[in-house]
Amino acid sequence: MPVATGGIRAFLRENLLTFLTVIGVVAGTLLGCGLRASGHEFTRREVMYFQYPGELFLRMLKCLIVPLLVSSIVSAIGSLDLSLSGRVGLRAIIYYMTTTVCAVMLGIALVTTIKPGISSSNYQQPNTTNKVLTKDTLTSDTLLDLIRNVFPENIAQATIASYRTKLTYDGIEKGAIKGHPETYKIDGEYQPGSNVLGLVAFSIVLGITLGKMGDQSRPLQDFFQSMSEAMMIITGWVIWISPLGVFFLVTAKIMEIDSFSDLVGRLGMYFMTVLLGLFLHGFGTLSILFILATKKLPCRYIAKMGQVMATAFGTASSSATMPITIGCCDDMGLDPRITRFVIPIGATINMDGTALYEAVAAIFIAQLRKVDMSFGKIIAVSVTATAASIGAAGIPQAGLVTMVMVLDTVNLPAEDVSIILAVDWLLDRFRTTINVVCDALGAIIVTSLSQGDIEKTRALQNDREGANTHELTELEKGDH
């Protein structure tokens with residue numbers, strides 16, 4: 001009996017933070033529902049006051065993103081053999097692209113089978129005088145901006161802003177035709193928020209360069225290695241605030257939503273379709289890929305991701321959860337050189353949940369509008385949703401912005417995004433959770449597939465060190 005009690009205590013001690021974070025999510029949900037049921041009409045300022053502690057927690061996590069992302073990628077690639085880092089990167093990208101394509105295909109299969117838009121055909125779009133989103137860019141511009149941001153013109157600026165094309169109507173005398181944005185003046189602007197794609201690209205190139213420089217780059221490699229370790233230590237301090245942080249974030253979010261009726265009523269079928277797709281992808285598609293790649297069951301690993309999933313649900317940001325995901329992979333005993341390379345790339349380009357949601361949402365709105373979806377249009381939606389999900393920054397509700405790009409593919413107006421706004425706040429949390437689980441499983445898969453290469457590289461390094469030691473011994477003998 002004492003042994004059993006000791007085992008339970010050890011288990012609780014190891015997983016205390018996870019339990020507290022899950023309790024924070026559940027308690028926040030219950031308190032939010034309780035406050036709504038009280039009948040008091042909360043003002044936006046009251047909600048802001050309640051959200052304030054959670055906002056501070058989110059700001060702490062986001063503060064760690066840029067230094068951790070840059071230092072992790074540079075130190076990981078710099079410490080890996082160049083040919084090995086190339087193979088690791090290729091495996092990671094193939095895995096992430098495969099899962100994204102699978103997510104889009106699954107979403108399209110579900111929405112065309114269940115047809116939530118037809119069952120909700122009596123839904124009326126809210127009559128709002130203000131448009132939710134105004135279309136001031138074309139799909140082609142969005143794709144070109146995606147590539148532009150990979151090559152930032154100022155790396156310091158990339159830490160705080162990303163570039164976007166903006167089309168402005170400058171009068172008929174300049175050849176602009178109202179309602180035809182392709183004739184508008186083409187301007188560019190920088191919008192707040194880190195250019196994560198540019199930072200990742202720069203970090204990869206810098207890491208490769210340091211790897212090629214050999215011993216000459218040792219001071220810089222040590223700097224980035226120390227920076228990465230320091231960021232992980234700070235993350236270890238910050239995550240102890242996560243139970244309180246997610247508690248206030250979830251409570252405030254439930255307090256500020258307009259109505260639950262859309263969630264369970266008019267948009268219920270759409271909500272359940274996306275949720276079913278996320279569940280099947282997270283615990284079906286990803287599990288199958290994991291078993292095929294590692295010959296192991298993923299249950300044991302997913303069970304250790306409780307802290308990651310609870311934080312992702314509470315913050316609705318895969319980038320903000322990245323430090324915790326890396327820490328979780330370290331606790332599983334994965335090679336830190338691979339996790340610090342694979343996880344930041346995954347947090348940037350791997351948005352499976354977003355891709356699935358955008359594909360479902362576009363076809364759902366088309367069904368509501370009674371727009372015929374031919375096979376060609378469905379293919380176009382799948383391609384655009386995949387590209388848009390890569391372009392979606394790992395921030396809350398970034399999918400809404402790229403959603404306009406997908407709607408444009410099937411000639412639906414940007415304002416139709418307002419149809420799904422009522423449930424987007426909750427779906428955003430579920431799809432972020434799937435995104436971070438996919439990132440972590442990807443790190444495990446890439447580590448497993450690269451194990452042979454890692455051991456081979458390690459053996460070569462040991463041989464070189466042994467040869468150097470032997471030469472030094474011979475020289476010392478010659479001196480005597």
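This is a short tour of the structure, stop by stop.

The model is predicted: local features need pLDDT of at least 70, side-chain atom pairs count only at pLDDT 80 or more, and totals for chains, interfaces and linings use all residues. Residues are numbered from 1 along each chain as its sequence is written, and side-chain values use heavy atoms, leaving out hydrogens and water.

**Confidence**

Colour the chain by pLDDT, the predictor's confidence in each residue, from 0 to 100. The protein chain averages 81, and 84% of the residues score at least 70. Select helix α12 (residues 268–294), which has the highest mean pLDDT among the elements, 92; helix α11 (residues 261–264) has the lowest, 59. Helices here are DSSP runs (H or I, at least four residues), numbered from the N terminus. Next, select residues 126–134, where pLDDT stays under 50. Where pLDDT is low, the predicted coordinates should not be read in detail.

**The core**

Select Y270, M305, F364 and L441, the residues with the most contacts inside the largest nonpolar core, which has 117 residues. Helix α20 (residues 421–449) gives the most to this core, with 14 residues. A nonpolar core is a set of buried Ala, Val, Leu, Ile, Met, Phe, Trp, Tyr and Cys residues joined through side-chain atoms within 4.5 Å. Buried means under 20% relative accessible area, exposed over 50%, and partly exposed in between (1.4 Å probe, protein chains only).

Stay on Y270. Leaving aside neighbours within four places in sequence, Y270 is in contact (heavy atoms within 4.5 Å) with residues including P116, Y357, F364 and L427.

**Helix α16**

Select residues 336–349, the 14 residues of helix α16. Of these, 12 are buried, so the helix is largely enclosed by the rest of the structure. Among the buried residues are R340, F341 and P344.

**Salt bridges**

The whole structure has nine salt bridges, each a side-chain nitrogen of Lys or Arg within 4 Å of a carboxyl oxygen of Asp or Glu. R340 is linked with E229 and D330 in a network of them.

Move to R148 and D145, whose side chains meet at 2.7 Å, N to O. These two are three residues apart in helix α6 (residues 139–150), separated by about one helical turn. R148 is partly exposed, at 39%, while D145 is buried, at 6%.

Finish at R431 and D424, which form a salt bridge at 3.4 Å, N to O. R431 is buried at 1% relative accessibility, and D424 is buried at 0%.

Technical notes:
Expected span 1.5 Å × (residues − 1).
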